[in-house]
Amino acid sequence: MKDLFYYLIFPGFLFTGALGIFASWFDRKITARVQWRKGPPLLQPLYDLIKLLGKELILPANSSLWTFLVFPIVGLAASALASSIIWLAFLFPEKGFVGDVFVVIYLMGLPAISLIVASFASANPLASQGASREIKLLLSYELPFILAALVVLIKAQSIKLGGLIFYQAVNGLGIGSFSGAIAFIVALLCSQAKLGLVPFDMAEAETEIMAGAYIEFSGPLLAVFRLTKFMMLVAAPLFLVGLFLGNVAAGPGAFLLLILKYLAVVLLTVLIRNTNPRLRIDQAMKFFWGPVTLLAAVAVTLALFGK
Amino acid sequence: MNLKLKALTKSIWVFHAACSPCNNCDIEILDVLTPRYDVERFGIQLVGSVRHADVLLVTGVPNRKTAERLKALYAQAAKPCLVVAIGQCAGGGCMFTPSYNYIKPVDEIVPVAAYVPGCPPKPEAIIMGVVKLLKSLGK
Ligand code: SF4
């Protein structure tokens, strides 16, 4: 019963969804300010969602229907679960289970996989183009992402998120050391790709392959994808905070500090998104498998030597 | 006004359907979307796929090739989807009606909800057209 409450209301689905809507507005507002505009009103992402829920749902004639309908929801459920596990690690670091770091990493991969499967199911050539780019992107950023996480795991000698946060509460932030700082940069770039934000948004390049993987989704299904994105906009930066900037969110002050740290990471992400043009998929793969993986490997080596 | 309609008027995603215009109208539409006019303040956004669109902005005179495409585009859009005819051409063919390639005006191909006259209309005129359309939706 309690777990259901955690998952559905606080800090899971409802809370993360609301925070994600806020984060999405924050993203758009900062983008607007960077471009010297005024930007959308606070509730804009919510209006978008409600509008999409009220629109017609089109089922493409050649799609494989069940896959098309079910997988968006799988992605949403996974992102909500991932974010509730991360939140709970901040709120009750002594609870949690051994290996939840890996569970979270896998769960955060699921929205991308569900997008891939669902868009292949939609039987649109541009959608499969987008999906194949998403696959390549997933393959290229997962390795450095896991390596970056490994740096913190080596330092804290723990594979529990709660353990990592405890370790940082005692020994200073994960980003404080040399290897931690490098790993943070790597993880930030990977989370940028995970979120599908601008230098790495080739899977939905709207000016090039017309929204790519999302091309056939309309109405409520598109709303589900949007909500998944909002949730991931909470989960991925929050995971970074947990790895590198963690603090135990016991009282209201500590919780506020946590939210501020989270917003700072989102701000960094938004600034990266606004100062870089979109890469081609081959450039992105070279980037992640070349310099980024190398950096991550250096960080892991440094961490093993205790730097 | 019910919630569905209210949300629709607050979040208009436009899809740009260029039916062989001279390209001037399209440039004016792009002007509307630039930071100077900043229509994102009203929740207006350009989208890549017609499945996501709430408004089709049609420019130009549909000819034998593009008329079919326009019809197909409208059929592919998730309803409710409104059509706004931008420019004199889309409003009725204007001086191109005697052309060999002309078949019929936009509003005989798809239902048009608003016309924005001008050759090309100013960005202010386009915004005014959209605002009037949204107000009429509210009634
Ligand atoms: S209305 Fe004028 S500016 Fe617009 S497409 Fe026609 S000729 Fe060009």
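**Rings, a ligand shell and a sheet**

Let's start with a contact between the chains: the charged end of Lys51(A) sits over the ring of Trp13(B), 3.6 Å from its centre. A charge counts as sitting over a ring if NZ of Lys or CZ of Arg is within 6 Å of the ring centre and within 35 degrees of the ring normal. Within chain A, the charged end of Lys194(A) sits over the ring of Phe145(A), at 5.0 Å from its centre.

A word on the model before going further. This is a predicted model, in which local features need pLDDT of at least 70 and side-chain atom pairs count only at pLDDT 80 or more, while totals for chains, interfaces and linings use all residues. Residues are numbered from 1 along each chain as its sequence is written, chains are lettered from A and ligands numbered from 1 in the order in which they are written, and side-chain values use heavy atoms, with hydrogens and water left out.

Over all chains, the structure holds 14 aromatic pairs; rings of Phe, Tyr and Trp (its six-membered ring) pair if their centres lie within 6.5 Å, and planes under 30 degrees apart count as stacked, over 60 as edge-to-face and the rest as tilted. Phe15(A) and Phe255(A) form a tilted pair, 6.3 Å centre to centre with 40° between the planes. Phe15(A) lies in helix H2 (residues 13-34) of chain A and Phe255(A) in helix H10 (residues 252-275) of chain A, so this pair ties together parts that are 240 residues apart in sequence. Helices (H or I, at least four residues) and strands (E, at least two) are DSSP runs, numbered from the N terminus. Phe15(A) is partly exposed at 21% relative accessible area, whereas Phe255(A), at 18%, counts as buried. Buried means under 20% relative accessible area, exposed over 50%, and partly exposed in between (1.4 Å probe, protein chains only).

The rings of Phe217(A) and Phe225(A) have their centres 4.8 Å apart and their planes at 75°, so the pair is edge-to-face. Phe217(A) is buried at 0% relative accessibility, and Phe225(A) is buried at 5%.

Over in chain B, we come to the ligand. The residues around the ligand include Cys22(B), Cys25(B), Cys89(B), Cys119(B) and Pro120(B), where near means that a heavy atom of the residue lies within 4 Å. H4(B) gives the most to this shell, with three residues. One shell residue, Cys89(B), is buried at 17% relative accessibility. The peptide bond from Cys119(B) to Pro120(B) is cis, with omega near -10°, and Pro120(B) is found in the loop between S5 and helix H5 (123-138) of chain B.

What disulfides does the structure hold over all chains? There are zero, a disulfide being a pair of cysteine sulfur atoms within 2.5 Å. For Cys19(B), the nearest cysteine sulfur, that of Cys89(B), is 11 Å away.

Finally, chain B has an open sheet of five strands in the order S2-S1-S3-S4-S5, with parallel pairing; two strands pair if DSSP finds at least two bridges between them. Strand S2 (45-46) and strand S5 (114-116) stand at the edges with a single partner strand each, so one side of each is left without a neighbour in the sheet. Val14(B) stands opposite Leu46(B) in S2(B).
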